[in-house]
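My notes are below, in the order I went.

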Amino acid sequence: MEHLFFLTEEEVLHVKNYYGTPIFIYDEKTMLQRAQEVLAFPHAFGFTARFAMKALPTRKILQKFHAWGLHIDASSGYEAERAIKAGIPPSHIQITAQQIPYNLKELVEQGVLYNACSLQQLKVYGEMFPGTEISVRINPGLGSGSSNRTNVGGPSASFGIWHEYLHRVYEVANEYRLKITGMHTHIGSGSDPEVWVRCAHLALETAGKMPDVRRISLGGGYKVARMSNEKTANLQEIGNRILPAFFEFEKRHGRQLHLEIEPGTYLVANAGSLLCSIIDVVDTGPTGYRFIKIDSGMTENIRPSMYGALHPLIVVPHEKDSPRNKYSYIVSGHCCESGDIFTPQQGDPESLGPRELLEAKIGDVLVVEGAGAYCSSQSCKNYNSFPECGELLRIAPFEFEWIRKPQTLEQMVQNEV
Ligand SMILES: *Cc1c(COP(=O)(O)O)cnc(C)c1O
């Protein structure tokens, strides 16, 4: 059985009664601890850590990580603008995006860094800012991720410039007198540490062929254990394994590389809980299933439907009653969509994976743990016209503050004519 990560059962019931459900809660203490671990990443010649804001872009969260010393990785021009609006200095933001920002010129003029992710992006940047410095994202030829939906390196991924096309990178760079001082790789989320370390070595090899590179980013992708049978990546161990390669690089190439990493998941995944109310319990007979229905679903967390992600699920009884049994349940979301479930089969996202849970009763709370990263930010927002739910920051036990208020129906339809 899975257990609550940072809330107590009393706090869960307090939040349900006082703030309502569905609702996200983020724990400040957990985020700070994770930030400190990231900032302690072993490095040889200087270090910058970025928070990959697409994991959880709420203003207060960005401000917290900024205050704790992290910079920002933005995945679009809009994210960069959003971070600037939150008070992040433009020089602390780097854009690594699939789509060239519509506002690239203004952003770069303000000091935002740009990481060109394709030859076309490099060309556009060169036309706009000839004779300047830039960094490029390279696909090192190897990827890792928990599924083909989270793998962003290797031949099956479109992200970055294929590592064998370096000569073409320099053709474009020469045309626009660009100096390539940064090199970036990011191979996928939930990576196997072994693959991550191998990719880091491949990246250094490529950087060796890029004479002006002084800054190397090894991306994010550090695995976090959400389920009790999973394992969290050990950043100290990973960092120490690639550390010698930086000293060797200096000996061989005479360059001291500044290291960057940009975790998203690692910083917030287990700092967030989603609280839902159990609104119905049904079954499909002795040969069928028992279902828990909740007032949430893919509208708050689409990860189980999209890539079969598993989250700990905990039933918190809404009142003290006699000891309850355990049963196997399918947890169904509130959307009219059969794929809206929180219990896919492990390793087989298309099938149902009944989960052993405390007997569920209407009015109980279902807590979805490990819901800090890519849940609120990535959800199937407003499907079935459910308003976006609110987000609370937990500052101390029983001390919560709104960091995003629940959306109203009025706000949902405000641009409709
Ligand atoms: C999403 C992303 C990250 C963060 O990945 P996590 O798996 O959340 O650590 C880092 N860098 C880039 C370029 C990304 O797109």
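These entries go from the whole chain down to single residues.

**Ground rules**

I am working from a predicted model, where local features need pLDDT of at least 70, side-chain atom pairs count only at pLDDT 80 or more, and totals for chains, interfaces and linings use all residues. Residues are numbered from 1 along each chain as its sequence is written, and side-chain values use heavy atoms, with hydrogens and water left out.

**Overall build**

I started with secondary structure and found 12 helices and 20 strands. These are DSSP runs numbered from the N terminus, with helices being H or I of at least four residues and strands E of at least two.

Next I checked the radius of gyration: 23 Å, close to the 22 Å from the globule rule for 417 residues, so the protein is as compact as a globular protein of that length. That radius is taken over C-alpha atoms, and the rule is 2.2 Å times the number of residues to the power 0.38. Along the principal axes, the C-alpha atoms fill a box of roughly 70 × 50 × 40 Å.

How much of the protein is buried? I get 54% of the 417 residues, where buried means under 20% relative accessible area, exposed over 50%, and partly exposed in between (1.4 Å probe, protein chains only).

I also looked at contacts, meaning heavy atoms within 4.5 Å. Among those between residues at least 6 apart in sequence, 71% join residues at least 24 apart.

The accessible surface comes to about 18,300 Å², and 49% of it belongs to carbon and sulfur atoms. Areas are from the Shrake-Rupley method with a 1.4 Å probe, and for residues only the protein chains shown count as cover.

**Salt bridges**

My cut-off here is a side-chain nitrogen of Lys or Arg within 4 Å of a carboxyl oxygen of Asp or Glu. By this rule I count 16 salt bridges.

Arg 394 and Glu 11 pair up at 2.9 Å, N to O. The pair links distant parts of the chain, with Arg 394 in strand 19 (residues 390-396) and Glu 11 in helix 1 (residues 9-18), 383 residues apart. Buried or exposed? Both Arg 394 and Glu 11 are buried.

Arg 241 bridges to Glu 194, with the closest N and O atoms 3.0 Å apart. Arg 241 sits in helix 9 (residues 235-253) and Glu 194 in helix 8 (residues 193-208), so this pair ties together parts that are 47 residues apart in sequence. Arg 241 is partly exposed at 37% relative accessibility, and Glu 194 is partly exposed at 44%.

Asp 364 reaches Arg 324 with the closest N and O atoms 2.6 Å apart. Asp 364 is in the loop between strand 17 (355-358) and strand 18 (365-368), and Arg 324 is in the loop between strand 13 (313-316) and strand 14 (326-332), so the pair ties together parts 40 residues apart in sequence. Asp 364 and Arg 324 are both buried. Through shared partners, salt bridges join Asp 321, Arg 324, Lys 361 and Asp 364 into one network.

Most residues other than glycine have a negative phi, and most peptide bonds are trans. I went looking for departures from that.

The peptide bond from Thr 21 to Pro 22 is cis, with omega near -10 degrees. Pro 22 lies in the loop between helix 1 and strand 1 (23-27).

Asn 382 has a positive phi near 70 degrees. Asn 382 is in the loop between strand 18 and strand 19 and is partly exposed at 22% relative accessibility. Asn 384 also shows a positive phi, about 60 degrees, and lies in the loop between strand 18 and strand 19. For Asn 384 the relative accessibility is 31%, so I log this residue as partly exposed.

**Two buried loop residues**

Met 298 sits in the loop between strand 12 (290-294) and helix 11 (303-307). Why do I call Met 298 buried? Because its relative accessible area is 8%. Leaving out residues up to four places away in sequence, Met 298 touches several others, including Cys 335, Phe 342, Cys 380 and Tyr 383. The C-alpha atoms of Met 298 and Phe 342 are 8.3 Å apart, though 44 residues separate them along the chain.

Ala 97 is in the loop between strand 4 (93-96) and helix 5 (104-110), and is buried at 4% relative accessible area. With residues up to four places away in sequence left out, Ala 97 touches Ser 75, Ser 76, Cys 117 and Gln 121.
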